[in-house]
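Here's a quick briefing to read with the model open beside you.

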Amino acid sequence: MDIFRTKSVEQSIRDTEAPEHQLRKRLTAVDLTVFGIGVIVGTGIFVLTGQVARDVAGPAVAISFVVAGIVCGLAALCYAEFASTIPVAGSAYTFSFATLGEFPAWVIGWDLILELALAAAVVSVGWSGYFASLLASLGFELPASIAGEDPVVNVPAVVIVALLTAVLVAGIKLSSQVNLILVITKIAVVLLVIFAGLFFIDSANYTPFIPDPISTPRVEGLQAPLVQVLFGIQPVAFGVIGIFSAAAIVFFAFIGFDIVATAAEETIEPQRDVPRGIIGSLAICTLLYVGVSLVVVGMQKYSSLSEAAPLSDAFISVGQAWLATIISVGAIAGLTTVVLVLLLGQARVLFAMCRDGLLPRRLAVVHPRFGTPARLTVLIGVVTMALAGFVSFGELAELVNIGTLFAFVLVSVGVIILRRTRPDLPRGFRTPLMPVLPILSVLACLYLMLNLPVQTWLRFLVWMLIGIVLYFAYGYRHSRTAAPWQASEE
């Protein structure tokens with residue numbers, strides 16, 4: 001069984017030219033950077049900051065953001081080289097197919113399905129929290145059963161996913177234009193948070209900056225970080241260990257730059273513009289994250305921060321309810337762009353897998369009018385609505401992180417392999433310090449993975465096992481890279 005058969009870079013590019021599977025090239029470097037900022041600046045600032053500072057890291061959550069940003073930066077340089085060399089939809093899936101083979105590519109594609117679908121659901125739940133907070137500030141209380149801390153069905157989250165699915169079906173340029181308007185709105189609000197919040201900082205809230213480590217229910221049993229279990233360390237929150245555990249969680253906040261790579265096939269000059277979009281968006285967002293986290297933990301004691309809407313509630317705590325309303329508007333705009341781009345990335349990864357025959361090819365047909373994979377986009381929207389409506393936020397966020405880190409590991413390994421096996425390929429961007437930097441990326445990602453809870457690892461392994469069964473039951477036999485008598489069109 002040739003499960004490690006590879007797909008040449010040349011064949012990947014030729015596949016993009018088939019009329020029924022051809023995406024329209026409409027995006028520029030500015031579009032890609034805005035997409036990157038649109039998806040990165042969101043949950044990390046508007047939702048996760050309060051939860052992680054309160055439960056895991058304390059005021060030192062700012063350091064956790066720096067650690068996570070460095071790890072992402074290492075992986076981003078690897079993604080930039082790949083995306084400039086293989087400007088094809090699919091991101092890490094496509095890169096792995098060209099270097100590691102079909103089965104590893106399937107594994108990473110299945111992993112990306114987990115990452116992007118769950119991430120979109122997580123962020124839509126965060127969007128719902130801020131939407132409910134905004135309505136409450138205007139005197140309209142939504143029933144707890146549809147938008148509270150533990151709703152029966154999270155109706156606002158379901159509705160926003162449905163609306164954004166319709167936008168994505170209508171075309172990539174429309175999606176880009178909607179994203180640009182919303183990104184400008186949320187960046188303005190983020191800067192307002194930083195500069196307005198400076199006037200309400202109480203330096204006493206920074207003490208202790210790194211709280212003493214303590215054992216809490218948050219890190220007991222299957223919720224303990226795997227690294228602490230493996231090495232017999234008493235599971236604790238806070239302290240130096242808490243900083244790295246928090247980094248593994250707030251890592252979720254940086255998910256997005258890799259999605260820029262999924263849009264390479266729809267970019268006018270991908271060799272030049274995709275690396276710019278990836279690196280530029282990550283650098284801008286890291287600075288914003290550190291600034292906001294320092295301001296928020298300075299305004300309100302970390303132990304009192306809100307989980308659902310920490311930024312707006314921090315301003316309410318200092319008597320600035322009007323600013324809280326503005327922040328809620330910015331958060332709604334910000335989280336809307338995150339959901340939009342996550343759904344976009346998910347559709348492009350599945351599109352590439354279906355086009356290769358690993359999933360039904362009929363799903364990869366491009367809409368004749370809109371030029372988008374409309375069938376896949378609608379299917380993804382329905383699944384995401386179900387997840388957002390019924391599944392817990394915290395459990396999803398950590399499962400997304402492990403999937404993303406795993407993808408980063410394979411991309412970092414793959415860029416070394418492709419540099420050695422195909423040195424002849426034109427590269428619009430070259431990862432510096434090869435192979436040292438990709439190796440550092442692998443080690444850093446693996447370390448953050450070890451800081452995720454045991455239960456997250458167990459759920460991840462179950463998902464991977466399901467994917468392996470599906471590959472051998474369907475994908476292997478229908479793959480277009482198989483011998484003619486093995487491949488079949490769907």
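Let's start with helix H4 and helix H13 (residues 270-299), which pack at an angle of about 175 degrees with their axes 9 Å apart. Anything over 145 degrees counts as roughly antiparallel, so that is the label for H4 against H13. Sorted by class, the H4 contact with H13 has 20 nonpolar residues, six polar ones and no charged ones. Keep in mind throughout that this is a predicted model.

**H4 against H18**

- Helix H4 (residues 61-85) also meets helix H18 (residues 436-450): the two axes come within 9 Å and cross at roughly 135 degrees.
- As for handedness, H4 and H18 cross in a left-handed way.
- On the H4 side, the contact is made by Val71, Leu74, Ala75, Leu77 and Cys78. H18 brings Leu437, Pro438, Leu440, Ser441, Ala444, Cys445 and Leu448 to it.
- Class by class, the H4 contact with H18 has eleven nonpolar residues, one polar and no charged ones.

- Val71 has its place in helix H4, and it's one of the residues making the contact with H18.
- Is Val71 buried or exposed? Val71 has a relative accessible area of 5%; the cut-off for buried is under 20%, so Val71 counts as buried.
- Not counting residues up to four places away in sequence, Val71 touches Phe251, Ala444, Cys445 and Leu448. Ala444, Cys445 and Leu448 are also listed for the H18 side of the helix contact.
- For a sense of distance, Val71 and Gly42 are 29 residues apart in sequence, and their C-alpha atoms are 19 Å apart in space.

**H4 against H5**

- H4 packs with helix H5 (residues 92-99) too, here at an angle of about 75 degrees and with the axes 10 Å apart.
- The range for roughly perpendicular is 65 to 115 degrees, so H4 and H5 get that description.
- Tyr79, Phe82 and Ala83 of H4 make this contact with Ala92, Phe95 and Thr99 of H5.
- The tally for H4 with H5 is five nonpolar residues, one polar and no charged ones.

**Aromatics around Tyr471**

- The count of aromatic pairs comes to 19.
- One of these pairs is Tyr471 with Phe472, at 5.0 Å centre to centre and 75 degrees between the planes, which makes it edge-to-face.
- How exposed are the two partners? Tyr471 is buried, with a relative accessible area of 0%, whereas Phe472 is partly exposed at 34%.
- Both rings belong to one aromatic cluster, made up of Phe103, Trp106, Trp110, Trp463, Tyr471, Phe472 and Tyr476.
- Tyr471 is found in helix H19 (residues 454-478).
- Which residues does Tyr471 contact, leaving aside its neighbours within four places in sequence? They are Ile3, Arg5, Glu102, Phe103, Trp106, Leu358 and Tyr476.
- Ile3 is worth a look: it lies 468 residues from Tyr471 along the chain, yet their C-alpha atoms are separated by 9.9 Å.

- The peptide bond from Thr207 to Pro208 is cis, with omega near -5 degrees. Pro208 sits in the loop between helix H9 (172-197) and helix H10 (226-230).
- Another cis peptide bond runs from Met434 to Pro435, with omega near 0 degrees. Pro435 is found in the loop between helix H17 (393-421) and H18.
- Leu433 is not a glycine, but it has a positive phi of about 55 degrees.
- Where is Leu433 found? Leu433 is in the loop between H17 and H18, the loop that also holds Pro435.
- Leu433 has a relative accessible area of 64%; since the cut-off for exposed is over 50%, Leu433 counts as exposed.

Definitions and conventions
Residues numbered from 1 in each chain as written. Predicted model: local features only at pLDDT ≥ 70, side-chain atom pairs only at ≥ 80, totals over all residues. Heavy atoms only, no water. Axes fitted to C-alpha atoms, helices over the stretch in contact; angles between N-to-C directions. Helix = DSSP H or I, 4+ residues; strand = E, 2+ residues; numbered from the N terminus. Left-handed = near helix turned anticlockwise from the far one by under 90°. Contact = heavy atoms within 4.5 Å. Nonpolar A, V, L, I, M, F, W, Y, C, P; charged D, E, K, R; others polar. Phe/Tyr/Trp six-rings, centres within 6.5 Å; stacked < 30°, edge-to-face > 60°. Buried < 20%, exposed > 50% of the residue type's maximum accessible area, 1.4 Å probe, protein only. Parallel < 35°, antiparallel > 145°, perpendicular 65-115°, else oblique.
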